[in-house]
Amino acid sequence: MLNIVLFGPPGAGKGTQSQLIIEKFGLLHISTGDLLRAEVAAQSPLGLSAKEFMNKGLLVPDEVIIGMIDNKMRSTKDIKGCICDGFPRTVDQAVSLDKIFANNGSKINGMIALEVDDEELTKRILLRGETSGRADDQNESLIRQRVQEYNEKTAPVAGFYKSQGKFASINGLGTVEEIFANICTEIEKLQK
Ligand code: ADP
């Protein structure tokens, strides 16, 4: 299996690049943001509690996320691998994810990080908010709160993979095609 963590702050382009990666490499796309929004739309108990955090630009508690990922992995069979988009977002999530993969006789092969500066992120998310309909994309102070959560709680996750020699970073500025080409180069290295 080839399991890749696509990493980067909100608005870095993870969703866009994930779509291109799954088409080219035949991997399964798992996005915790998408899974959470589906729970919110279904008004499930998980969705109703997650919504409180999402609407404030805060991370949803680790145990909720870990349970959701575990369920997702248990219900997927015969995959070539997956793209983890939007998780792990804390070091505790990263530790749990390793355990979930180990239970399946698998592992995370590598993390690929998209680097984009904070000003560009805010601009991109506000632009996305004009068409995405996501409430959390339309309010500048909420966007800044999400970026702050990222810097405080999520950025340290890079160190977790760096210490295992599983980290690569890519410039997230440029055309979608240029960035994708650089991601492909990194994925091909992981396949060797
Ligand atoms: P973005 O990366 O643009 O912020 P996402 O769709 O990945 O968008 O996430 C939207 C919201 O869902 C986050 O602001 C957070 O509240 C919640 N969320 C998503 N993934 C996680 C996660 N792994 N851990 C905690 N909260 C999460």
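1. Start with a term. A residue is buried under 20% relative accessible area, exposed over 50%, and partly exposed in between, using a 1.4 Å probe and protein chains only. Cys-82 is buried, with a relative accessible area of 0%. Cys-82 belongs to strand S3, residues 81–85. Strands (E, at least two residues) and helices (H or I, at least four) are DSSP runs numbered from the N terminus.

2. A note on the source. This is a predicted model, where local features need pLDDT of at least 70 and side-chain atom pairs count only at pLDDT 80 or more, while totals for chains, interfaces and linings use all residues. Residues are numbered from 1 along each chain as its sequence is written, and side-chain values use heavy atoms, with hydrogens and water left out.

3. Now the ligand. Around the ligand there are 19 residues; a residue is near a molecule if one of its heavy atoms lies within 4 Å of it. Thr-32, Arg-37, Leu-58, Gln-93 and Arg-128 come nearest. By class, this shell has 8 nonpolar, 5 polar and 6 charged residues. Here Asp, Glu, Lys and Arg count as charged; Ala, Val, Leu, Ile, Met, Phe, Trp, Tyr, Cys and Pro as nonpolar; the others, Gly among them, as polar. Helix H2 (residues 32–41) gives the most to the shell, with 4 residues.

4. Which atoms of Leu-58 lie 2.7 Å from an oxygen atom of the ligand: backbone or side chain? A backbone N or O atom does. The side chain of Thr-32 has an N or O atom 2.8 Å from a nitrogen atom of the ligand. For Arg-128, a side-chain N or O atom is 2.8 Å from a ligand oxygen.

5. Thr-90 lies in the loop between S3 and helix H5 (91–103). Thr-90 counts as buried, at 10% relative accessibility. Its side chain makes a polar contact with the side chain of Asp-62, at 3.0 Å. Such a contact is a pair of N or O atoms within 3.5 Å; within protein, one must be able to donate a hydrogen and the other to accept it, and residues adjacent in sequence count only if both atoms are side-chain atoms. Pro-88 is in the loop between S3 and H5 too. The peptide bond from Phe-87 to Pro-88 is cis, with omega near -5°.

6. Last, a backbone check. Gln-43 is not a glycine, yet its phi is positive, near 55°. Gln-43 counts as exposed, at 60% relative accessibility.
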